[in-house]
Amino acid sequence: MNLEMQNITKEFGPVIALSDVNFRLGQGEIHGLLGENGAGKTTLMNVLAGTFPPTGGKIFIDGTEITDMTPQKSMDLKIRFIHQELNLCNDLTVYENMFLGEEITGRAGVVDKKAEIKRAQEVLDSMNAAVDARSVVSEIETAKKQLVEIAKALLFQSELIIMDEPTTALNNQEIENLFAIMRRLQAQGVSFIYISHKMPEIFAVCDKYTVLRDGKFIDTGLIKDIDEHKATELLIGKTFVDANLKEQQKPGVKEEVLLSVKNLTGESFEDISFDLHKGEVIAVTGLQGAGSAELATALFGITSVKGGTVETKNGVIHGRSILHVMKNGIAMIPCNRKERGILPDLSIRDNNSMSYFTLLHKKLVISNQEEKQRFEKNRAKMEIKAESETDPITSLSGGNQQKVIVGRWLETDADILIMDNPTQGIDVGAKYSIYKLILDLASKGKGILVFSTEFPEIYQIADRCLVMYKGRLRGILNREEMDEAQVMALSTGTKMEVLK
């Protein structure tokens, strides 16, 4: 498919989301679409997918102008859109989700379940997804749900596949499998538009790039003609300084213990022990299935534990409810903001205040003025891009939603912050804002646990790194011992570090 989008403009009332944007894609091309959160990438793709019409501009496919684009017309043109946020029906099976709206039916209009299961399983197996097509979606983990979303696009003979942050929940092996599938389809003439904030992925799989900034076209070209520094400069509009934030800080001295975990054991981990000190940032990492995700939820009281203790300055936490954990000075920024973070039916302001309401609000009446002031304070601190605090939270880009969630928990003034993949789906500029915030909070005496699988992120912020393997703590690396090879060796079980 050859695609040309000319002078695309999209206005939402007074907000100009896209302004005269041009985009070109050739047949069998993998094209990286780059930009910070709110740059207009997803809006441009929604115009192409027929989700809403452009205010101005034209779309040409194989030289023919396409007017009045709708989602059905887009699918008829063999365009498939894999959205950043999961859009599966949890109560349906995997195969039912994959064929939803495009069921295989017999002469009497009856759905041919056997044919659907067979075809769906073939596609899943070709991806090495390890997913049973007959499973109910609610019973599979988030990473598998992401693979099902991708499988939906591969199920039918597509000529253009749009991927918006498709690897957010995938591990390295699953990402490599996805890239292999993309290259195989590319050889068959299928084109891809690939949206990602992960620069290594863009440079690993894309042929060309286009950069948007603030709803405007900035640059396009061959990926081989730029590097990550140049790409980042184009994204944020200023020279990117490759300086490690942690190295700019003065070395800290271990102070009082804020959190002491002793022999903690749960469903997917066992015998975990460590201390988190005042002013310290500890990263916890491991491959998918290592137990780190389960450890994060257990520490916040979301899931139960079988043994061991968790102690703060208030003493051992005996009650394991979330509210009891919060009252002991622990806050958590969860992963997967759509399912666990935002409250989609509420406004930006109400989402911002939710933790405060739960823990600290004592009045009978909520003051709109106070809530407005609370949001404005967090808007400035977190650099949240929002038109009005009364707009729905879903009106914000993914990165700005995440900033609201982080700001929400800062309102509780907790001593200990658990951050589970806090920069998931966030652009490079927003990532550095959050890194700086983490280090600033640590400098003010907070203890912070960051659960992350990205070593560059870990190295930007961590004083120590806890590496998990098969549910156990494989090693603890001090700052001077941290490098990617060490972390990977411990994560894969090839090396055992002396626990400190």
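# Briefing: aromatic pairs, a helix contact and cysteines

Phe-455 is buried, with a relative accessible area of 13%. This is a predicted model, and it holds four aromatic pairs. One of them joins Phe-455 to Tyr-459, and another joins Phe-99 to Phe-156. Helices H5 and H6 pack roughly parallel to each other, and a search of the whole structure finds zero disulfides.

- Helix H16 covers residues 455-461 and contains both Phe-455 and Tyr-459.
- The two residues are four apart, which is about one turn of the helix.
- The ring centres of Phe-455 and Tyr-459 are 5.9 Å apart, and their planes meet at 25°. The pair is therefore stacked, because planes under 30 degrees apart count as stacked.

- Phe-99 and Phe-156 pair edge-to-face, with 5.9 Å from centre to centre and 80° between the planes.
- Phe-99 sits in the loop between helix H3 (94-98) and helix H4 (113-126). Phe-156 sits in the loop between H5 and strand E7 (160-164).
- The pair ties together parts of the chain that are 57 residues apart in sequence.
- Phe-99 counts as buried, at 2% relative accessibility, while Phe-156 is partly exposed, with a relative accessible area of 24%.

**Packing of H5 on H6**

- H5 spans residues 142-155 and H6 spans residues 172-187.
- Their axes lie 12 Å apart and form an angle of about 5°. The helices are therefore described as roughly parallel, a term that applies to angles under 35 degrees.
- On the H5 side, the contact involves Ala-143, Lys-144, Leu-147, Ile-150 and Leu-154. These meet Glu-174, Leu-178, Ile-181 and Leu-185 of H6.
- By class, the contact of H5 with H6 has seven nonpolar residues, two charged residues and no polar ones.

**Cysteines**

- A disulfide is a covalent bond between the sulfur atoms of two cysteines.
- The count of disulfides in the whole structure is zero.
- Cys-206 is buried, with a relative accessible area of 5%.
- Cys-89 is partly exposed, at 32% relative accessible area.

Terms used. Residues numbered from 1 in each chain as written. Predicted model: local features only at pLDDT ≥ 70, side-chain atom pairs only at ≥ 80, totals over all residues. Heavy atoms only, no water. Disulfide = S-S within 2.5 Å. Buried < 20%, exposed > 50% of the residue type's maximum accessible area, 1.4 Å probe, protein only. Axes fitted to C-alpha atoms, helices over the stretch in contact; angles between N-to-C directions. Parallel < 35°, antiparallel > 145°, perpendicular 65-115°, else oblique. Contact = heavy atoms within 4.5 Å. Nonpolar A, V, L, I, M, F, W, Y, C, P; charged D, E, K, R; others polar. Phe/Tyr/Trp six-rings, centres within 6.5 Å; stacked < 30°, edge-to-face > 60°.
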